[in-house]
Amino acid sequence: MDMGQWLFCSATILKLKKQNFAYPFLRPVDYVMLCLPQYPSIVRNPMDLSTIERKLKSSNPEHLDSNPDHPRYLNVDEYIADVRLMVNNCLLFNGPENPVSGMAKRLEEAFDEEIKNIPTPGEV
């Protein structure tokens with residue numbers, strides 16, 4: 001991921017977080033507080049916007065985080081895959097007709113509109 005792509009992805013996450021239907025996805029699901037003990041057995045790879053944002057910060061090409069305990073994105077496809085994982089996890093756990101799944105679909109639609117303009121490597 002080059003600097004132009006990193007800046008674009010970082011701006012996109014900020015835009016997604018500001019959507020009024022993004023609030024269920026801002027932080028990891030607290031399945032204990034929500035009394036959802038089955039959540040970790042259904043959702044094996046949880047993902048949320050704060051985790052994506054943290055991985056992006058570790059991926060800054062000008063200040064790469066060298067700590068192996070801080071995951072980062074090597075390319076844009078990994079970033080896109082995490083956003084899709086977040087949406088798919090929601091649909092898997094809640095089912096397609098659940099209102100929260102509808103919010104996930106709207107978030108994905110907003111994301112899809114944004115990434116149409118993602119720069120190619122080296123493009124600024």
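About 280 Å³ of space lies in the largest pocket, and the model it sits in is a predicted one.

Trainee: Okay, which residues are closest to the centre of the largest pocket?

Mentor: Start with the lining, which takes in 17 residues. Picking out the ones closest to the pocket's centre gives P24, V29, Y39, N94 and V100.

Trainee: How many residues of the largest pocket's lining are nonpolar?

Mentor: Take the other classes out of the way: two lining residues are polar and two are charged. The nonpolar group in this lining then comes to 13.

Trainee: Switching to cavities, what volume does the largest one have?

Mentor: Searching the whole structure with a cut-off of 30 Å³ or more turns up one cavity. Its lining is R27, P28, V29, Y39, P46, M47 and D48. As for the volume of the largest cavity, it's about 30 Å³.

Trainee: How many charged residues are in that cavity's lining?

Mentor: Among the residues lining the largest cavity are R27 and D48. The lining splits into five nonpolar and no polar residues, and the charged ones number two.

Trainee: On to the helices: are α1 and α5 roughly parallel or antiparallel?

Mentor: Helix α1 covers residues 3-18 and helix α5 covers residues 99-115, with axes that come within 10 Å. The crossing is right-handed, at roughly 150°. Angles over 145 degrees count as roughly antiparallel, so the word for α1 and α5 is roughly antiparallel.

Trainee: What about α1 and α3, is their crossing left-handed or right-handed?

Mentor: Helix α3 is residues 49-58, and its axis comes within 10 Å of α1's, crossing at roughly 160°. That makes the two roughly antiparallel. The hand of the α1 and α3 crossing is left-handed.

Trainee: Last one: how far apart are the end C-alpha atoms of residues 17-101?

Mentor: UniProt, in an unreviewed entry, places "domain: Bromo" at residues 17-101. The span is 45% helix and 0% strand, and its end C-alpha atoms are separated by 16 Å.

Definitions and conventions:
Residues numbered from 1 in each chain as written. Predicted model: local features only at pLDDT ≥ 70, side-chain atom pairs only at ≥ 80, totals over all residues. Heavy atoms only, no water. UniProt positions renumbered as here; feature names shortened; annotations may be inferred. Helix = DSSP H or I, 4+ residues; strand = E, 2+ residues; numbered from the N terminus. 1 Å grid on protein atoms, 1.4 Å probe; cavity = no way out; pocket = protein on both sides within 12 Å on 5 of 7 lines; lining within 4 Å. Points joined across faces, edges and corners; volume = space filled by probe spheres on them. Nonpolar A, V, L, I, M, F, W, Y, C, P; charged D, E, K, R; others polar. Axes fitted to C-alpha atoms, helices over the stretch in contact; angles between N-to-C directions. Parallel < 35°, antiparallel > 145°, perpendicular 65-115°, else oblique. Left-handed = near helix turned anticlockwise from the far one by under 90°.
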